[in-house]
Amino acid sequence: MEEYYLGWLNQLEDGLKHWSDWSISGVFRGIIVAGMGGSGIVGDYLSALSLVNGGLPVITVKHYMVPGFVGSSDLAVVISYSGNTLETRLFYESVRKRGAAVVVVSSDGLLEEYARRDNVLFLPVVKGIAPRTALPHMLYRILGLLDSSGISIVSRDKAKRAYDFLTGVMEEATDKAYDIASFIHENKGLLILATHSPLEPLAWRVKNEFNENSKIPVKVEAAPEWMHNDIVGWEKPYENKYTAILVSDPSDRVGSRLVDYMEKIYKENSIPTYRLLLKGETLLEKLLYGSLVFGLASVRLARIRGLDPLKTTSIVEYKKVVDSIFK
Ligand code: PA5
């Protein structure tokens, strides 16, 4: 599975090559991105990028209900790597009834069929890999579409610079990933992923990666919200074993200090900590760097534990019964 992550440069390259291949016309009030798991996280990344770079508001939906306000002045991006996820398919059917402009992003499956049947814009992504490992391709497909449609969140130039940046850090990211995997395995305990705003989407992504690839539960804690609830939980926790990974952006002075504060509290609770300083100049570069390091770390941890990172048996089992649950 490592090769899927090491293949991210090819995904980005293809994203850049086809950057302007698709566009959508219209004046939109906002963008709703719907998807689950490794597909849905793309919506969270778009939302953070838009927040920082100043694009249209992006709302991510990780279920099947279309928010009440969505209507004909909105753009709905429906993402499912497999194209078959029920929650996402239900969202697709409902959002079309609302009259929103719809775009489907998928590698295959029923959603591709629906898009072709309904004459809906379809953005194809690389086939035959694990959904979560197609993150850069799905992200660049949508960023390219938005940029070519006059509602840019990231320009092609910035996307190209992020590609160049990632090319230069591949080797270092792999070393860092091995370090992190060893740190987690040596300390064991419930993993806490701590960060600061606006990096929450990266923390959720990392949580998902350790869940799916390494088969462990993970707790996400993000400052400054952390200072208004989680912090009190650390006053009297039950006697449990924890391990904390802290992620901060060194160019964000306040964010870094907030994470310093979190680290102090974890240390007072005798929790072993590891700090990753994100590399890169732009938020896009930082998100890609963090996603790569932790993606590789989660695969490495699975290997250390003698597990297959690719297999997500419980998700497969759930998908077998999901129709009967939703019936
Ligand atoms: O990464 C994974 O395998 C999962 O998180 C899937 O992305 C999730 O189950 C949704 O499937 P899909 O991305 O095919 O819609």
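The structure is a predicted model, in which local features need pLDDT of at least 70 and side-chain atom pairs count only at pLDDT 80 or more, while totals for chains, interfaces and linings use all residues. Residues are numbered from 1 along each chain as its sequence is written, and side-chain values use heavy atoms, with hydrogens and water left out. Helices (H or I, at least four residues) and strands (E, at least two) are DSSP runs, numbered from the N terminus.

**The ligand and its surroundings**

- There are 13 residues around the ligand, and Ser39, Ser80, Ser82, Thr85 and Arg132 come nearest, where a residue is counted as near if one of its heavy atoms lies within 4 Å of the molecule.
- A polar side-chain atom of Thr85 is found 2.5 Å from an oxygen atom of the ligand, and an N or O atom in the side chain of Arg132 is 2.9 Å from an oxygen atom of the ligand; a polar contact is a pair of N or O atoms within 3.5 Å, and within protein one must be able to donate a hydrogen and the other to accept it, with residues adjacent in sequence counting only if both atoms are side-chain atoms.
- Lys319 likewise has a polar side-chain atom lying 2.9 Å from an oxygen atom of the ligand.
- On its own the ligand has 380 Å² of accessible area, of which the protein covers 94%; such areas come from the Shrake-Rupley method with a 1.4 Å probe, and for residues only the protein chains shown count as cover.

**Aromatic rings**

- The count comes to 10 aromatic pairs, by a rule in which rings of Phe, Tyr and Trp (its six-membered ring) pair if their centres lie within 6.5 Å, with planes under 30 degrees apart counted as stacked, over 60 as edge-to-face and the rest as tilted.
- The pair of Trp234 and Tyr242 is edge-to-face, because the ring centres are 4.9 Å apart and the planes stand at 80 degrees.
- Trp234 also forms an edge-to-face pair with Tyr266, at 5.7 Å centre to centre and with 90 degrees between the planes.
- Trp234 lies in the loop between H9 and strand S8 (242-248), whereas Tyr266 is in helix H10 (residues 253-268), so this pair ties together parts that are 32 residues apart in sequence.
- Trp226, Trp234, Tyr242 and Tyr266 are linked by ring pairs into a cluster.

**Charges over rings**

- Arg300 lies over the face of Tyr178, 4.0 Å from the ring centre, and the charged end of Lys264 sits over the ring of Tyr261, 5.4 Å from its centre; this requires NZ of Lys or CZ of Arg to be within 6 Å of the ring centre and within 35 degrees of the ring normal.

**Three individual residues**

- Leu287, in helix H11 (residues 283-304), is buried with a relative accessible area of 1%, where buried means under 20%, exposed over 50% and partly exposed in between (1.4 Å probe, protein chains only).
- Not counting residues up to four places away in sequence, Leu287 touches Tyr45, Leu49 and Leu202, with contact meaning heavy atoms within 4.5 Å.
- Glu209, in helix H8 (residues 200-212), counts as buried at 2% relative accessibility, and its contacts beyond four places in sequence are Tyr5, Arg132, Ser214, Gly295 and Ser298.
- Pro224, in the loop between strand S7 (218-223) and helix H9 (230-233), is partly exposed at 37% relative accessible area.
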